[in-house]
Amino acid sequence: MKNKIKVLVVDDDESTLDFFERIIQEFDPEIEIYLAPNGHEGLDVFRRYTPQILFVDIAIPGFDGLELIKKIQKEDVGVKLHIWVVTGAIISEYLISAQKAQNWDLLPKPFDAEDVEKILAVATV
């Protein structure tokens with residue numbers, strides 16, 4: 001039996017959360033979707049449901065997205081995580097070095113439904 005795919009989206013912009021929820025639901029109605037508006041709630045949701053796919057905005061209240069990813073990666077969850085950092089910021093040397101050190105991918109803004117669907121297609125195989 002295949003494990004249920006779970007996705008967590010952490011972003012303080014409600015329209016972005018709505019966008020992800022709609023696109024993921026259209027991609028596969030069987031995917032469980034969890035939404036969080038800040039780093040603290042994102043970590044709580046992660047610990048409660050252990051989603052395999054994460055879309056995390058860098059600029060979120062509480063602790064930022066990069067700090068959230070560090071905390072999540074310290075958890076011993078026993079599943080492969082697919083982490084995508086969502087950012088409208090200019091890609092800097094700092095961001096590139098953090099990406100290499102923390103093992104996640106970038107989803108630069110603006111992005112569209114097709115970009116998210118491509119990620120889901122690869123991550124849900």
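Glu 67 and Lys 71 form a salt bridge, with their closest N and O atoms 3.9 Å apart. Both residues sit in helix α3, 4 residues apart, so about one helical turn separates them. Glu 67 is partly exposed, at 30% relative accessibility. Lys 71 is partly exposed too, at 29%. Keep in mind that this is a predicted model.

**Salt bridges**

The structure holds 7 salt bridges. Three of them are listed here.

| Acidic residue | Basic residue | Closest N and O atoms |
| Glu 67 | Lys 71 | 3.9 Å |
| Asp 11 | Lys 109 | 4.0 Å |
| Glu 75 | Arg 47 | 3.0 Å |

What does the bridge between Asp 11 and Lys 109 tie together? Asp 11 lies in the loop between β1 and α1, and Lys 109 lies in the loop between β5 and α5, so the pair ties together parts that are 98 residues apart in sequence. Asp 11 is buried, with a relative accessible area of 2%. Lys 109 is partly exposed, at 34%.

Arg 47 forms a salt bridge with Glu 75. This pair links distant parts of the chain, 28 residues apart. Arg 47 belongs to helix α2, while Glu 75 is in the loop between α3 and β4. Arg 47 is partly exposed at 47% relative accessibility. Glu 75 is partly exposed at 27%.

**Strands**

Strand β1 covers residues 6–10 and is mostly covered, with 4 of its 5 residues buried. It runs parallel to strand β2 (residues 32–36), and 5 bridges join the two. Leu 8 has Tyr 34 in β2 as its bridge partner.

Ile 53 is in strand β3, which spans residues 53–57. Is Ile 53 buried or exposed? Ile 53 counts as buried because its relative accessibility is 0%, and the cut-off for buried is under 20%. The C-alpha atoms of Ile 53 and Val 9 are separated by 8.6 Å, although the two residues are 44 apart along the chain.

**Loops and backbone**

A cis peptide bond joins Lys 109 and Pro 110, with omega at about 0°. Pro 110 lies in the loop between β5 and α5. Thr 50 is not a glycine, yet it has a positive phi of about 45°. Thr 50 is in the loop between α2 and β3. At 24% relative accessibility, Thr 50 is partly exposed.

**A charged patch**

Which residues form the negative surface patch? They are Asp 12, Asp 13, Glu 14, Asp 18 and Glu 21. Glu 21 is in helix α1, residues 14–27. Glu 21 counts as partly exposed, at 35% relative accessibility.

Technical notes
Residues are numbered from 1 along each chain as its sequence is written. This is a predicted model: local features need pLDDT of at least 70, side-chain atom pairs count only at pLDDT 80 or more; totals for chains, interfaces and linings use all residues. Side-chain values use heavy atoms; hydrogens and water are left out. Patches are made of residues with over 30% relative accessible area and no salt bridge: like charges are joined within 9 Å, nonpolar side chains (Val, Leu, Ile, Met, Phe, Trp, Tyr) within 5 Å. Accessible areas come from the Shrake-Rupley method with a 1.4 Å probe; for residues, only the protein chains shown count as cover. A salt bridge is a side-chain nitrogen of Lys or Arg within 4 Å of a carboxyl oxygen of Asp or Glu. Lys and Arg count as positive and Asp and Glu as negative; His and the chain ends are not counted. The place of a charge is taken as NZ of Lys, CZ of Arg, CG of Asp or CD of Glu. Buried means under 20% relative accessible area, exposed over 50%, partly exposed in between (1.4 Å probe, protein chains only). Two strands pair if DSSP finds at least two bridges between them.
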